[in-house]
Amino acid sequence: MRVLVSGGAGYIGSHTVLALVAAGHDVVVVDDFSNSKPTVVGRLESLSGRHIPVHAFDLTDADKTERLFDHEQIDAVIHFAGFKAVGESVAKPLQYYRNNLDSTFALVDAMNRHGVTKFVFSSSATVYGEKAPVPYQEDYEFLSSSSPYGQTKVMVERVLSDVAHITEGWKVALLRYFNPVGAHASGQIGEDPQGIPNNLMPFLAQVAVGKRDKLVVFGDDYPTVDGTCERDYLHVEDLAAGHVAALDHLDAMTEPVRAFNLGTGTGTSVLQMLHAFERAVGRELPFEVGPRRAGDLAAFWADPTRAQSELGWRATRTIDDMCVDTWRWQSANPQGFPDA
Ligand code: WQD
């Protein structure tokens, strides 16, 4: 199929572009490069051996989005593009609602005008809120989120579900990611957050490469294996494979919309991840324990059985693989992607 990948120059989008091409699909990327660099595309073309058409504009521009569907023959959409920083979303809620919702509306309108009915959405485990029993299961019905970012994911899931139920032929997969980490085995692409990383793995990588002094562990008094928070980390290449599996499964879906957890089903603590990273780097890494971070939950992970049984997908890479691959990327690209 010819797949439009929104946010295709981003961390998960770029890895999914490679997986789509490897699976025999054609890809068209749309990205406004507000949180990614154009140099990613050159890396994707050299890794895939294919030309990757790129349209650089903001998807909240409905006219440009319509024109994209006029010019490009598109069979399916995988929608990654969106603002995704939890803390920033608390400070700038209106920008998050406008960007994440308007971009989706523009895409859905253009799809309906051009008879495109296949949609894979980049959702998040954050939609399970703070009360869902662990392991999280897709049929949990009280979706919510404590951040505007997470609420945009809840809302877009709702919008897509309502559209899919009343639009002939629509099939939508809502992919709820747990904690994506790692990098392509080539070390040529990986996570390249702008500014100080919010997330654990890129921060660890920047400590290891000397860009940050030390890791601050946000609390060690949680009711967990070692007092630090436990999360379900999954390798971004496993995650990318999950998108291909979901896309290829849409026609076989009996429901117009279906959510799938993409996770390993196991939790790993902050200290366990720190020590795994030390094994990858071959030396100890400096850290100190600081206060808890507001909003953090102690522990959660996925029940991944639906994706296994219905998509034939499971995460295969280990925590050590995630750290080894992250370190290969970070040590080969200490400043991330070049600007030009
Ligand atoms: C993991 C653990 C921190 C940094 C977030 C978003 C979620 C999703 C994935 C988009 C926590 C601890 C972190 C540090 C630390 N993103 N930590 N020191 O919070 O589980 O999920 O990213 O969909 O929506 O909320 O991931 O990597 O930020 O934190 O101790 O410098 O590492 O407290 O326990 P999180 P994270």
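**Strand pairing**

Modeller: β4 and strand β5 (residues 118-124) pair in the parallel sense over three bridges. Strands are DSSP E runs of at least two residues and helices H or I runs of at least four, numbered from the N terminus; two strands pair if DSSP finds at least two bridges between them. This is a predicted model, where local features need pLDDT of at least 70, side-chain atom pairs count only at pLDDT 80 or more, and totals for chains, interfaces and linings use all residues. Residues are numbered from 1 along each chain as its sequence is written, and side-chain values use heavy atoms, with hydrogens and water left out.

Colleague: Which residue in β5 is the bridge partner of V77?

Modeller: V77 belongs to strand β4 (residues 76-79), where V77 and H79 point one way and A76 and I78 the other. All are buried, that is, under 20% relative accessible area with a 1.4 Å probe and protein chains only. Across in β5, the partner of V77 is F119.

Colleague: Over how many bridges do β1 and β4 pair?

Modeller: In this pair, S6 stands opposite H79 of β4. Strand β1 (residues 2-6) runs parallel to β4, and the bridges number four.

Colleague: Why is β2 largely enclosed by the rest of the structure?

Modeller: Strand β2 (residues 26-30) pairs in the parallel sense with β1 over five bridges, and V5 stands opposite V29. β2 also pairs with strand β3 (residues 54-55) in the parallel sense, over two bridges. β2 is largely enclosed because, of its five residues, the number buried is four.

Note on methods. Buried means under 20% relative accessible area, exposed over 50%, partly exposed in between (1.4 Å probe, protein chains only).
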